[in-house]
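Here are my notes on this model for someone meeting it for the first time. Please read them with the structure open.

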Amino acid sequence: MGEVFDIKAAFYGRTGIYMDMATLIGIVSAFGLVGLAVFMGGGLLFFFNLQAFLIVVGGTLGATLIHYPVRDLLPVFRRLMRVFFSSGDTGDASVDKLTAMAHKARRDGVLSLEKMIPGETDPFLAEGLQLAVDGVDPAIIREIMLSGLEASGERHEAGAEIFATMGSYAPALGMVGTLIGLIQMLQNLHDPDAIGPGMAVALLTTFYGALLSNLVFLPLAGKLRALDRQEAREKQMLVDGLVSLARGEHPRVLAWRMRAHRQPSLKTVAGKSDEK
């Protein structure tokens, strides 16, 4: 008997990495509906022009290469995979892991956690755990971890900024293509057969620029920023958990502090309690 197709494994993977359904549905719906509208209006071939495509796509990529050094561009395209594949919300797993560590630390001492550091797959958590094991003051741990979190946020914002920049270049290059098409058309007013191709380039470059900007580049920039905010919240939650661990607080207190980042109502209560 053949292997049964596991649709959950196809979308959520077998290693904790899953396909972002919002991205997939967005791509299919946006390009599908635009393509359907184009098809209903006379056919897709009327909206394909190689010259217009080269002007917009080639011009946008060239302008981006001029704008940013290559060392800034390469990491961005690696991070682009996060838009399509993600490890999901790891908040609950992080709370459970830190709570278990807190129980072990209360039973066997903080130094007993040192042997867990080499097997930790999250470098951010491993670094904070090492600081706690080394007996660093909790306030210093928070300062160090938040500095690393801020630097990471700046790098991630740079990635989203690149796609936002491409989103601004694409319509501009579309206007450049429009001018090129109009010039070609005006130079051949004596030849009626040349007016049509020139007008096609003039209009399609604007169409391509607007399409790429609003359906590709700007949505990618927005999605990367949303993912970066989620990652920052999860790491801030880890910071609070590590600081609580270093203070030797009760595991339930540690879990409460971490879950406060996931439930705004609890976060508000925590802020009021701290004020008292």
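1. Start with S152. Neighbours within four places in sequence aside, S152 is in contact with E231 and K235; contact means heavy atoms within 4.5 Å. S152 sits in helix α8. With a relative accessible area of 8%, S152 is buried. The terms run as follows: buried is under 20% relative accessible area, exposed is over 50%, and partly exposed is in between (1.4 Å probe, protein chains only).

2. A word on the source. This is a predicted model, in which local features need pLDDT of at least 70 and side-chain atom pairs count only at pLDDT 80 or more, while totals for chains, interfaces and linings use all residues. Residues are numbered from 1 along each chain as its sequence is written, and side-chain values use heavy atoms, with hydrogens and water left out.

3. The overall layout. The chain has 11 helices and two strands. Helices (H or I, at least four residues) and strands (E, at least two) are DSSP runs, numbered from the N terminus. The order from the N terminus is α-β-α-α-α-α-β-α-α-α-α-α-α. Of the 276 residues in the chain, 35% are buried. Take the contacts with a separation of 6 or more: 75% of them join residues 24 or more positions apart.

4. Helix α8 and its partner α7. How are two packed helices described? By the angle between their axes and the distance between the axes. Axes are lines fitted to C-alpha atoms, for helices over the stretch in contact, and angles run from 0 to 180 degrees between N-to-C directions. Helix α7 (residues 123–133) packs on helix α8 (residues 138–187) at about 160°, with the axes 10 Å apart. That makes α7 roughly antiparallel to α8. The cut-offs: under 35 degrees is roughly parallel, over 145 roughly antiparallel, 65 to 115 roughly perpendicular, and the rest oblique. The α7 and α8 crossing is right-handed; a crossing has that hand if the near helix is turned clockwise from the far one by less than a right angle, and is left-handed if anticlockwise. On the α7 side, F124, E127, G128, L131 and A132 take part, and they meet I141, I144, M145 and L149 in α8.

5. Helix α3 on α8. The axes of α3 (residues 50–67) and α8 come within 8 Å and cross at roughly 135°. The two helices α3 and α8 are therefore oblique to each other. Their crossing is right-handed. Residues of α3 in this packing include Q51, G59, T60 and H67, and those of α8 include I162, Y169, G177 and Q184.

6. Helix α4 on α8. Here the angle is about 90° and the axes of α4 and α8 are 9 Å apart. So α4 and α8 are roughly perpendicular to each other. D72, L73, V76, F77 and R79 in α4 meet H156, G159, I162 and F163 in α8.

7. The two faces of α4. Which residues of α4 (residues 70–79) are buried? They are L73, V76 and R79. These residues are on the same side of α4, because they cover an arc of only 120° around the axis. The arc is that of the directions from the helix axis to the C-beta atoms. Turned away from the buried side is a face with the exposed residues V70, R71, L74 and R78.

8. Annotated spans. An unreviewed UniProt entry gives "transmembrane region" for residues 21–46, 52–70, 162–186 and 198–220. UniProt positions are in the numbering used here, feature names are shortened, and annotations may be inferred rather than shown by experiment. Residues 162–186 are 100% helix and 0% strand, with end C-alpha atoms 36 Å apart. Residues 198–220 are also 100% helix and 0% strand. Their end C-alpha atoms lie 32 Å apart.

9. Helix α9. P197 is found in α9 (residues 192–247). At 47% relative accessibility, P197 is partly exposed. S244 is buried, at 0% relative accessible area. Beyond neighbours within four places in sequence, S244 is in contact with E249, L254 and R257.

10. L98 in α6. Helix α6 (residues 91–108) holds L98. Is L98 buried or exposed? At 0% relative accessibility, L98 counts as buried. Residues up to four places away in sequence aside, L98 touches L125, L238, G241, L242, L245, L254 and M258. The C-alpha atoms of L98 and P251 are separated by 8.2 Å, though the two residues are 153 residues apart along the chain.
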